[in-house]
Amino acid sequence: EVDTNRVGVHILSGEYDCSGTSELGQAAQQAIKGATWREMKNVGHFPMSENPAAFKQYLLPILETIAG
């Protein structure tokens, strides 16, 4: 069990990720009360290498939420 009041859980799934599919990401989010999930369009398993600019658009709002 994860206490998301103490430890944030933010799941990002790449649209073209064959090993960590969006369906698995959604299932993990549903299994962890308080977790967030979002599908990243046009990337696969390594979005930070494949398309850093696109990855940044998904990551920065999470970091802002954490810092807020």
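1. Where is the place of leucine 63? Leucine 63 sits in helix H3, residues 52-67. Helices here are DSSP runs (H or I, at least four residues) and strands likewise (E, at least two), numbered from the N terminus.

2. This is a predicted model: local features need pLDDT of at least 70, side-chain atom pairs count only at pLDDT 80 or more, and totals for chains, interfaces and linings use all residues. Residues are numbered from 1 along each chain as its sequence is written, and side-chain values use heavy atoms, leaving out hydrogens and water.

3. The length of H3 checks out.

4. H3 is kinked. The bend is about 30° at tyrosine 58, shortly before proline 61. The angle is taken between axes fitted to the seven residues ending there and the seven starting there.

5. Ala54, Phe55, Tyr58 and Ile62 of H3 are buried. Leucine 63 is partly exposed, at 43% relative accessible area. Buried means under 20%, exposed over 50%, partly exposed in between (1.4 Å probe, protein chains only). Cover for the buried residues includes strand S1 (10-14), strand S2 (36-40) and helix H2 (47-50).

6. One salt bridge turns up in the whole structure. Glutamate 39 pairs with lysine 41, their closest N and O atoms 2.6 Å apart. The criterion is a side-chain nitrogen of Lys or Arg within 4 Å of a carboxyl oxygen of Asp or Glu. Lysine 41 is partly exposed, at 41%.

Note on methods: Contact = heavy atoms within 4.5 Å.
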